[in-house]
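Here is a short briefing on one protein model. Look it over first, then work through the points below.

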Amino acid sequence: MAALPEVPQSVDADPQETKEWVDALEGVIEKEGPDRAHYLIEKLIGQAREEGVDIPYSATTEYINTIPAEKQPNYPGNPDLEERIRSYIRWNAMAMVVRANKHTNVGGHIASFASSAVLYDVGFNWFWNAASDNHGGDLIFFQGHSVPGVYARAFMLGRLTEDQMDNFRQEVDGKGISSYPHPWLMPDFWQFPTVSMGLGPLQAIYQARFMKYLQCRNLVQTEGRKVWAFLGDGEVDEVESLGAIGMAAREKLDNLIFVINCNLQRLDGPVRGNGKIIQELEGDFRGAGWNVIKLIWGTHWDALFARDKKGILKKRMMECVDGEYQTFKAKDGAYVREYFFNTPELKELVADWTDDEVWALNRGGHDMFKIFTAFKAATEHKGKPTLILAKTIKGFGMGEAGEAQNTTHQTKKMGHEALRRMRDRFNLPVPDDKIDEVPYLKFEEGSPELTYMRERRLALGGYLPQRREKAAPLAVPELAAFEGLLKATGEGREISTTMAIVRVLSTLLKDKNIGRHIVPIVPDESRTFGMEGMFRQVGIWNQEGQKYVPQDHDQLMFYKESQDGQILQEGINEAGAMADWIAAATAYSTHGVQMVPFYICYSMFGLQRTMDLCWAAGDQRARGFLVGGTAGRTTLNGEGLQHEDGHSLILSGLIPNCVSYDPTFAYEVAVIMQDGLRRMFKEQEDVYYYLTVMNENYEHPEMPAGAEANIVKGMYQFKKGAASDAPRVQLLGSGTIFREVMAAAELLKNDWGVEADLWSCPSFNELARNGQDTARWNLLHPLEKPKKSHVEECLDDTRGPVIASTDYVRLYSEQIRPFINRRYVTLGTDGFGRSDTREKLRHFFEVDRHWVVLASLKALADDGQIEREKVAAALVKYGLDPEKLNPQTC
């Protein structure tokens, strides 16, 4: 039970009555145990509240271990052998950083792993299952700054070579290993990129929930598997770290375990110098509904707790703030005796102890027996996620080189004396004349230590970390499955590209091969995107089903939650939805089954709001579809500045393995989606797709014959102007603005006698990548016939200046300028958005048909093909004000 705060009361009105109550409680504890006492106290508190007594809730307990020594299970292993193994791992973790920095400045971190070595070691030896025939495998989100210790263990097991260790953080030549967990760079080793603070904890929560989703839908057996997330106490200041802990408790994620390494230090100083981070976090998590296990003090304190009959030790522990605790461990036993045991009564507790014995009072996060106890309790707890708060010392074992010092996080070098002291402290076989070489240590083949290490991992299914790179391919429907989208909608029948993508999704959900693998994800905008029909078709997933009658139950498309539902609806929570998407998009690796996630959101609140997660998805080799709905700066009329997206395609283009498109027509949507399904889920390429779709309704034409390949490449000829000797322009566009480009072609012909060839460009990003790749090939093959980019091939037999107009900033279409060997003019929506009609917004941003015409005429005049007077006449004819304010600056 949570300890109650002290109620201010200057005088005990009835000491005898108070004593009787206390004696009664002690009698219950002695005769019936603490559980019975807990029940009775909770019953009294509940009754008091019913009677109107104001008893504040407290989510914190005393500053001691949650699990008392008498409830500690026997340790199953060989502690001495494990301690020796761990000492080698500590040395090797330090050595790889120090050696890598002898001739480079690549950096590295020693102190974080030094503080958490025992936490990881106990997990590796006794709790973390690898994927095997008998177990699906536990998922471990390693703290990014602690990876040298993970590498050190892998090296000792023969998984990494000495050459790789020496090339830590030196990857360009193909010999090194990653600075942090990077699945992109070490695809068979790391599962999760975690060093971008806060993203690991957030993703771990949604990964645990996605495992429940897979279990409920009978796609994968996940029962008994755990998700472990390791993070630092300084990391919790990132809002993502704690942002979803309420959801984890609400969803009863008892397959989730957080281990917060509370070494009391950030990168530059104390986490809570004037307070207690452990108490703060206990309150946050316990208040959110988590099971909290405090792992504060090690075994050496047990004797003092037994001596203390008055509770003065617990009182003193509560008095000290973290800044003091850090200082204690940066000093020595005499200092601790003087300043921690700072009263006659406290000094009496350790009067017969030497300063060395006082100094040996250890913290729980360095004690294998206490850690095993906490980990065991966490894995056995049901109904709630568990948090373990492990108190440690940053830089443990580094001595004066960094132990408990504010500078320790940046320490990447250690001098001779510091190395010698570490060698002696951990009793390592490094000769004096070899210390400065910082040699790696390994156990001989057949040694008890190496045998023990291998046996422990064999008992848990194999080595960790390890990553699965492929799963069984999915049978992907052919393009013909989307035949309805390849044909014209017909006169007077208007749809949007948002409707087109929903139709693709509906078709896939009904497909007998791939349907069960589809995961639609929506923050809280299903109706905005026309997806409410899916509520009844496939249901919204809730592991508890639907315990209420929905308000709209009498309607055809009522709100339906079910245990086997497919839709993941996150509420107004883009970061959570993106974490959901990543869990589904990497299921092929983490769970051995390919899932096909579609995350549909307001495009302005997709990549812009969750870009760090989108980048991590690229690192994690995610596969799936991100769909930016109501995209474009002028398409979402009436919503205003913060809703209007003119740059998400620029952001998507920054992610190397994100393939992005801005389609105009339903057939483009179908072709792009089918190509993505083939690449990602049949051929298993490690790419993911971003599509922008709009809510503007218009008639859609039939797909031009043979256009499929060039649609995917990013540019195809939509319509060729009439053959003539008249001035000619090449008009490019994408998304809804391509329709303005089409209208501009008619105006150019009818009003000015200018012919136009129309080019739909669903992806300027893909065109730019192709052009850059072609240019690079030509650079490296100067004696061979130069290749042409796709843009060059398309425009090869054309004439006239090229004008591009999109609903995005000019930079989007500017990307292909190097591959256009003539005058090129770009129109875009640079500047802040604002609320108005589409027509007015397109005029304001100078991307509508009249501005396309004006830009075309000006380009022709600059090329000497028409008189400049025609440009001036166009300004008058279309009412374009030469003094109009620049939309970039107003």
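This is a predicted model: local features need pLDDT of at least 70, side-chain atom pairs count only at pLDDT 80 or more; totals for chains, interfaces and linings use all residues.

The protein holds 35 helices and 18 strands. Its C-alpha trace spans about 105 × 75 × 55 Å along the principal axes.

**Overall build**
- Of the 890 residues in the protein, 57% are buried.
- Take the contacts between residues at least 6 apart in sequence: 77% of them join residues at least 24 apart.

**Surface and charge**
- The protein exposes about 37,000 Å². Carbon and sulfur atoms supply 50% of that area.
- There are 101 positive and 125 negative side chains. The centres of these two sets lie 3 Å apart.

**Helix 21**
- Helix 21 covers residues 497-510, which is 14 residues.
- From first C-alpha to last, helix 21 reaches 20 Å, close to the 20 Å expected at 1.5 Å a residue.
- Ten of its 14 residues are buried, so helix 21 is largely enclosed by the rest of the structure.
- Among the buried residues of helix 21 are Thr497, Ile501, Val504, Leu505 and Leu508.

**Nonpolar cores**
- In soluble globular proteins, nonpolar side chains tend to be buried together.
- The largest nonpolar core here has 195 residues. Phe341, Trp581 and Leu731 touch the most other members.
- A second, separate core has 77 residues, including Ala95, Val98, Phe155 and Leu160.
- Which residues does Phe341 touch, leaving out those up to four places away in sequence? They include Trp301, Leu304, Leu313, Lys347 and Leu361.

Key. Residues are numbered from 1 along each chain as its sequence is written. Side-chain values use heavy atoms; hydrogens and water are left out. Helices (H or I, at least four residues) and strands (E, at least two) are DSSP runs, numbered from the N terminus. Buried means under 20% relative accessible area, exposed over 50%, partly exposed in between (1.4 Å probe, protein chains only). Contact means heavy atoms within 4.5 Å. Accessible areas come from the Shrake-Rupley method with a 1.4 Å probe; for residues, only the protein chains shown count as cover. Lys and Arg count as positive and Asp and Glu as negative; His and the chain ends are not counted. The place of a charge is taken as NZ of Lys, CZ of Arg, CG of Asp or CD of Glu. The expected span of a helix is 1.5 Å times one less than its number of residues. A nonpolar core is a set of buried Ala, Val, Leu, Ile, Met, Phe, Trp, Tyr and Cys residues joined through side-chain atoms within 4.5 Å.
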